[in-house]
Amino acid sequence: MISEIRNVKELDEAIDTCTKEFEDKISGAHGKRAVLVCGGTGCLSNDSDAILQEFKRLVEEKGLANSITVNHVGCFGFCSQGPFVKIYPEDTLYCKVKVKDVIDIVEEDLVGGNIVERLLYVDPVTHERVQRQDDINFYKRQKRISLHGCSLVNPDFLEEALGYDGFKALKKVLLTMKPQEVIDEVLASGLRGRGGAGFPTGRKWQFAANQQSDTKYIVCNGDEGDPGAFMDRSILEGNPFEVIEGMMIAGYAFGAHEGYFYVRAEYPVAVERLKTAIKDMEKVGLLGDHILGTDFSFRAYIREGAGAFVCGEETALLNSIEGKRGMPRPRPPFPAIKGLWGKPTCVNNVETLAQVPYIIRVGAKEYAKVGTEGSKGTKVFALGGKVNNVGLVEVPMGTTLRELIFDIGGGIPGGKKFKAIQTGGPSGGCLTEEDLDTPIDYDTLVAKGSMMGSGGAIVMDEDNCMVDVARFYMDFICSESCGKCTPCRIGTKRLYEMLSKIVEGKGTKETLKEMKSLAAVIHQGSLCALGQTAANPILSTMEKFPEEYLAHVERKECPAHVCKRLIRIVINPELCKKCSLCARNCPVSAITGVPGKEPYHIDQNKCIKCGACLASCRFKAIHKE
Amino acid sequence: MPIRQDAKEKILAICESHKGEPSPLMVVLEEIQREFGYIPFDVQEMVANKLNVSVSDVYGVVTFYNFFSLNPKGKYVIGVCLGTACYVKNSQAVLDKFEEVLGIKSGETSEDGLFTIEALRCIGACALAPAVSINGKVYPMVAPSKVPSIIDEYRKLEEVA
């Protein structure tokens with residue numbers, strides 16, 4: 001246990017000891033072995049905590065506690081294959097582990113020394129079993145910078161962070177760099193904000209550095225509200241120390257001595273691990289006064305968000321920290337001039353801060369080798385929806401959508417056809433087949449009518465109706481609009497109503513025109529990005545799928561068979577085996593027929609299109625049209 | 001309804017523990033919400049007096065954020081995720097089914113006080129879509145047909161208790 005790190009010598013000693021220990025743990029020195037169990041939220045909801053406890057119990061029971069360590073780690077990223085268990089030094093990755101499998105892993109692998117083949121990942125194409133994580137296609141093209149240490153270090157132990165590159169960057173800036181040099185380095189690296197807009201991080205810091213003030217603040221934006229994005233949470237859960245280190249470096253660079261983490265209350269695990277990390281750093285002296293014996297003092301605090309999407313907007317977030325309603329402020333003045341409690345403030349996203357220690361460690365030049373001309377480094381995407389490999393993916397900027405969806409994501413399940421990928425969440429847009437070979441970075445996505453956003457990437461297949469998806473986003477925006485600007489507050493509601501009309505078959509071509517003109521008003525008349533981009537999901541789907549909108553308003557048809565008012569569920573009398581199962585499952589008794597004698601038939605006037613019959617039919621005799 | 005004495009003391013203690021912090025209103029309200037499950041008007045008044053802010057400010061904050069509730073919720077809060085990843089995998093049908101089986105709408109509490117249905121915005125369990133969270137326990141890949149058995153699970157718990 002590290003007790004104090006008050007000066008450089010103590011830090012060097014701690015890093016040496018911890019690095020040695022950590023390397024020994026992973027390389028299996030002295031015959032020891034390590035069991036790592038995924039403690040990310042996805043795996044936790046699949047009982048990974050019970051798996052961890054079962055390992056601990058069995059290891060204890062079998063008298064292996066001296067030679068085998070068991071602990072949880074952060075998210076592995078490949079969430080659809082979880083819960084994960086990893087064994088070192090062999091580097092064996094077990095997937096979809098259940099509590100009842102633990103005994104097999106303990107007896108066959110830990111005691112017997114044989115790999116439990118049935119729990120290895122099976123490549124869906126070659127059907128071969130893969131033992132090592134790095135040999136799985138999902139991981140092959142990834143490069144982990146933001147997710148550094150996630151799924152490897154124990155996020156509750158400062159010692160493990162110290163053993164895996166932790167605080168080397170902090171030491172470097174405090175001892176060998178002037179604040180301006182740090183800013184210059186980050187500017188040279190080309191790092192842009194990972195929260196959405198992609199503003200150059202170094203320039204933001206420079207603005208704040210130029211302000212004369214006795215107090216400045218650095219705020220970490222962990223209010224990850226974009227539905228379908230969970231990278232900030234996984235980073236905070238997987239290696240909170242790295243984000244704190246990034247925050248401290250930012251603070252040093254522009255002169256802030258206090259930092260606030262604003263994290264969603266819906267992320268209790270992330271909040272808890274962050275709290276533990278801050279406490280442990282305070283205990284040893286890595287947070288507080290005169291860090292490492294220098295003149296630099298820094299304190300970090302946590303504020304929990306209370307479930308308002310708009311608080312991801314930086315000025316709304318500042319109002320929320322100040323205990324007010326989370327409504328955006330007019331800019332200028334920008335937060336770097338007048339931010340939290342009126343003081344110069346930089347608001348940086350979790351992922352942005354997580355990249356900072358790496359940039360300092362390897363240098364701006366090396367960092368800038370990864371990525372495209374205008375977007376450097378890596379970006380974490382939360383790949384979700386209709387894709388085989390759902391999870392967190394960190395790839396170099398410039399990776400194409402095809403690589404992301406098909407090579408890493410493993411393509412679309414069930415042999416269905418790819419239709420669109422939504423990036424940028426409710427502020428973004430859809431990209432289609434023709435965009436698949438575009439290298440993704442901040443600028444190309446904007447040029448294609450979408451945006452990077454926080455990195456949510458939801459894949460949709462032929463069964464998704466784009467009008468329905470647009471309506472879904474508008475419902476979201478509508479309830480999350482803070483109400484300050486009238487065009488956004490009322491306009492989004494009107495847009496939602498128009499879309500509702502269309503999916504109910506009551507829309508006309510006139511409705512489409514009205515939506516476009518209203519969208520322009522909302523864009524122009526809103527104070528913050530939420531309002532300015534509110535209509536993007538509609539505009540983007542209208543542009544990319546005009547024929548689908550026309551089908552809804554002109555022919556009153558939903559080509560994807562999603563919009564209930566526009567579809568009929570029918571039974572094919574030729575295929576019907578007259579078994580009566582559908583009739584028995586129908587909640588509104590809309591299906592009639594005679595068992596064994598007469599084929600069944602659905603009364604369209606009674607049918608509520610719930611799909612219960614569809615799900616129950618064993619002979620595929622029922623379909624939507 | 002007057003506030004119980006013990007609740008009053010607890011609320012005052014929460015306010016007291018954040019004394020001197022800059023703008024503690026949100027933090028105080030979050031703790032009260034966690035402790036009691038809702039923040040009725042009387043409590044808002046108390047907090048306003050104690051923190052020396054106007055009642056309208058407190059009410060403004062309580063009604064702005066989804067995390068705060070003005071009314072008590074059911075013993076089991078069923079959160080159906082309507083985040084994008086779940087929505088494209090048909091979580092709306094799951095929500096509809098819960099509403100149908102319990103006979104209440106999203107945001108409402110069943111008459112016996114057992115169940116509240118809520119539509120959630122992404123709980124981050126996108127790999128488990130469509131996901132349902134009941135008092136924090138996440139049910140992965142919930143098909144509408146599984147809904148009745150999930151509710152029965154909790155009804156049985158009640159019978160035993």
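Predicted model: local features only at pLDDT ≥ 70, side-chain atom pairs only at ≥ 80, totals over all residues.

Colleague: What makes domain 1 of chain A and domain 2 of chain A count as being in contact, and which residue classes does domain 1 bring?

Modeller: Two residues are in contact if their C-beta atoms, placed from the backbone, lie within 7 Å, and five residues from domain 1 of chain A and six residues from domain 2 of chain A take part in this contact. On the side of domain 1 of chain A there are two nonpolar, three polar and no charged residues, where Ala, Val, Leu, Ile, Met, Phe, Trp, Tyr, Cys and Pro count as nonpolar, Asp, Glu, Lys and Arg as charged, and the others, Gly among them, as polar.

Colleague: What does chain A contribute where it touches chain B?

Modeller: By the contact criterion, 38 residues of chain A meet 31 residues of chain B. At least two residues each are supplied by α2 (41-44), β11 (378-385), β15 (456-461) and α18 (466-480) of chain A, and the side of chain A that touches chain B divides into 14 nonpolar, 17 polar and seven charged residues.

Colleague: How many helices and strands does chain B have, and what makes a stretch count as one?

Modeller: Helices (H or I, at least four residues) and strands (E, at least two) are DSSP runs, numbered from the N terminus; on that basis chain B has seven helices and four strands, which follow the pattern α-α-α-α-β-α-α-β-β-β-α along the sequence. Its domain assignment gives domain 1 (5-64) and domain 2 (76-160) of chain B, with C-alpha centres 30 Å apart.

Colleague: Why is the crossing of α1(B) and α3(B) called right-handed?

Modeller: A crossing is left-handed if the near helix is turned anticlockwise from the far one by less than a right angle, and right-handed if clockwise; α1(B) passes α3(B) in the right-handed sense. Helix α1 (residues 5-17) and helix α3 (residues 41-51) of chain B pack at about 35° with their axes 10 Å apart, the axes being lines fitted to C-alpha atoms, for helices over the stretch in contact, and angles running from 0 to 180 degrees between N-to-C directions. The contact involves I11(B), L12(B) and C15(B) of α1(B) together with V43(B), M46(B), V47(B), K50(B) and L51(B) of α3(B), which divide into seven nonpolar, no polar and one charged.

Colleague: Why are β9 and β10 of chain A described as standing at the edges of their sheet?

Modeller: Two strands pair if DSSP finds at least two bridges between them, and the open sheet has four strands in the order β9-β8-β7-β10 (chain A), with parallel pairing. β9 (299-305) and β10 (345-349) of chain A each have a single partner strand, so one side of each is left without a neighbour in the sheet. Within the sheet, strand β7 (residues 217-222) and strand β8 (residues 258-264) of chain A pair over six bridges, with V219(A) opposite Y260(A).

Colleague: What makes strand β13 of chain A largely enclosed?

Modeller: A residue is buried if 20 or more other C-beta atoms lie within 10 Å of its own, exposed if 12 or fewer, and partly exposed in between, with C-beta atoms placed from the backbone. Six of the six residues of strand β13 (residues 418-423) of chain A are buried, so this strand is largely enclosed by the rest of the structure. β13(A) pairs with β15(A) in the antiparallel sense over five bridges, where F418(A) has D461(A) as its bridge partner, and four bridges join β13(A), also antiparallel, to strand β14 (residues 429-432) of chain A.

Notes. Residues numbered from 1 in each chain as written. Chains lettered and ligands numbered in written order. Domains from an automatic or database assignment.
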